[in-house]
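Student: I would like a close look at one part of this model. Please keep it brisk.

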Amino acid sequence: MPYRFSILIAAPPERVFDLFMDLDRMSEWTEGVGPVTDRTGPVDQVGTRYTVWFGPMRSPTEILAVDRPRHVRTHFGNLILKGEADTRFEPVGAATRLTQAFHTRGVVSAIAARLFATGTYKGSCRGELEAFRKIAEREESAAKPGQ
């Protein structure tokens with residue numbers, strides 16, 4: 001079952017994309033993320049692989065499609081949650097509409113995805129997007145002279 005989430009961020013797509021794809025900072029908005037290891041290349045290149053750690057559990061990830069700064073599609077997977085994430089960065093005036101769609105595979109993944117997709121608590125998909133928005137807007141505001 002696909003899940004889709006969208007949020008408007010007061011920052012241009014280039015900055016939103018760069019922050020979103022900064023694997024070293026992912027833990028700032030994604031609950032439970034530890035280090036990202038085993039990188040095989042740049043995150044804006046199709047075929048690049050890396051491993052995201054959630055405590056002792058790893059989630060191998062591969063970049064399937066990328067069009068900087070508009071789109072990235074990844075395949076991710078572990079025993080609990082596996083599937084694809086499709087993220088789009090659409091300019092809306094001086095802002096960006098970030099839209100994420102998740103497509104999971106398997107029964108266990110469908111149950112786990114339902115838990116993460118429901119609500120706005122800190123570790124939910126909506127909660128993480130809201131945390132990301134706050135960081136991106138704070139950094140955009142700090143980057144503007146005279147504010």
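Which residues of α3 are buried?

Tutor: First, the ground rules. This is a predicted model, where local features need pLDDT of at least 70, side-chain atom pairs count only at pLDDT 80 or more, and totals for chains, interfaces and linings use all residues. Residues are numbered from 1 along each chain as its sequence is written, and side-chain values use heavy atoms, with hydrogens and water left out.

The buried residues of α3 are C125, G127, E128, L129, F132, R133, I135, A136 and E140. Buried means under 20% relative accessible area, exposed over 50%, and partly exposed in between (1.4 Å probe, protein chains only). Helices are DSSP runs of H or I, at least four residues, and strands are runs of E, at least two, numbered from the N terminus.

Now the helix itself. Its 19 residues should span 27 Å at 1.5 Å a residue, and the end C-alpha atoms of α3 are 27 Å apart, which agrees. The expected span is 1.5 Å times one less than the number of residues.

Take R133 next. R133 is buried at 18% relative accessible area. Beyond its neighbours within four places in sequence, R133 contacts I7, L8 and I9 (contact: heavy atoms within 4.5 Å). R133 also forms a salt bridge with E137, 2.4 Å from N to O. A salt bridge is a side-chain nitrogen of Lys or Arg within 4 Å of a carboxyl oxygen of Asp or Glu. E137 and R133 are separated by about one helical turn, because they lie 4 residues apart in α3. E137 is partly exposed, at 22%.

E140 is buried too, at 8%. E140 pairs with R15 in a salt bridge, with the closest N and O atoms 2.6 Å apart. That pair links distant parts of the chain: E140 in α3 and R15 in helix α1 (residues 13–20), 125 residues apart. R15 is partly exposed, at 43%.
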